[in-house]
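Okay, everyone, thanks for coming.

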Amino acid sequence: MASPYRTQAAKRWLPLEANPDVMNQFLWGLGLQEDEAECYDVYGLDGELLEMVPKPVLAVLFLYPLTPKTEEERMMQLNEKQETKDNVYFMKQTVGNACGTIGLLHAVGNITSEIKLVDGSFLDRFFKSTASMDPLERAAFLENDNEMEVAHSVAATAGDTEATDEVDTHFISYACVDGELYELDGRKSGPISHGPSSPTTLLQDAAKVIQGMIQKNPESLNFNVIAISKKSGGFS
């Protein structure tokens, strides 16, 4: 049975597993240089466990369950007037189950000044082609890109769990842009600012927001946090 909280979309992909190994192969295959950045599990949100995550953290991905509470908040935010944030890379989600890929694109799209992409690679071409587009135009560009659809399908079937298109969880990203922490969710109307942040406090700042979401859904267990961290030998 389909989740009642899922936005209906004409096109549906298989969901991406919350698995750093799968995401690393996906990103590296699309053009993120392997010695630049890597995805890591965040095993807990207390200070000691956050300290175990390799630094510096460039972006954070959060997988959470879709519940009546999360949908109520999303609808409230959709009705709020959003200021256009030209400095933040943001795109809408129009493909069902594409939230994992869009979460990764949101993450990479907001750290292109911190990492190096392979010249001419998919990610290099994607961000150059969509740089001047609005969020819906970027969504349409992705929806019509066969190369990404194939790459996503390969990654979605590479995980440890059996791939199914009926899920009730959702990926979002957090990134620090110009001193602010932004929540990037393709199901919402735009980036959500969560206040001041910095590259050195990004993980801790995102963890506080994530803890708030978890506390609002105490009966749910389907949470997962993944950090994208810069490798020490990477380009800067």
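Before I point at anything, one definition: a residue counts as buried when its relative accessible area is under 20%, worked out with a 1.4 Å probe and protein chains only. And keep in mind that this is a predicted model.

So, where does that cut-off come in? Have a look at H170, which sits in strand β5, residues 169-177. H170 comes out at 0% relative accessibility, so it's buried. Now C99: that one belongs to helix α4, residues 99-109. Its relative accessibility is 6%, so C99 is buried as well.

Why pick those two? The UniProt annotation "active site" covers C99 and H170, though the entry is unreviewed. They're spread over 72 residues of sequence, yet they cluster in space, with a largest C-alpha distance of 6.3 Å. Both C99 and H170 are also part of the lining of the largest cavity.

Okay, over to the helices. Helix α5, residues 122-130, and helix α6, residues 135-143, have axes that come within 10 Å and cross at roughly 145°. The crossing of α5 with α6 is right-handed. Who's touching whom? From α5 you've got F126, S129 and T130, and from α6 it's R138, F141 and L142. Sort the residues of that contact by type and you get three nonpolar, two polar and one charged.

Last stop, A151, in helix α7, residues 146-156. Setting aside its neighbours within four places in sequence, A151 is in contact with F26 and L30. A151 and L30 are 121 residues apart in sequence, but C-alpha to C-alpha they're 7.9 Å apart in space.

Definitions and conventions
Residues numbered from 1 in each chain as written. Predicted model: local features only at pLDDT ≥ 70, side-chain atom pairs only at ≥ 80, totals over all residues. Heavy atoms only, no water. Helix = DSSP H or I, 4+ residues; strand = E, 2+ residues; numbered from the N terminus. Contact = heavy atoms within 4.5 Å. Axes fitted to C-alpha atoms, helices over the stretch in contact; angles between N-to-C directions. Left-handed = near helix turned anticlockwise from the far one by under 90°. Nonpolar A, V, L, I, M, F, W, Y, C, P; charged D, E, K, R; others polar. UniProt positions renumbered as here; feature names shortened; annotations may be inferred. 1 Å grid on protein atoms, 1.4 Å probe; cavity = no way out; pocket = protein on both sides within 12 Å on 5 of 7 lines; lining within 4 Å. Buried < 20%, exposed > 50% of the residue type's maximum accessible area, 1.4 Å probe, protein only.
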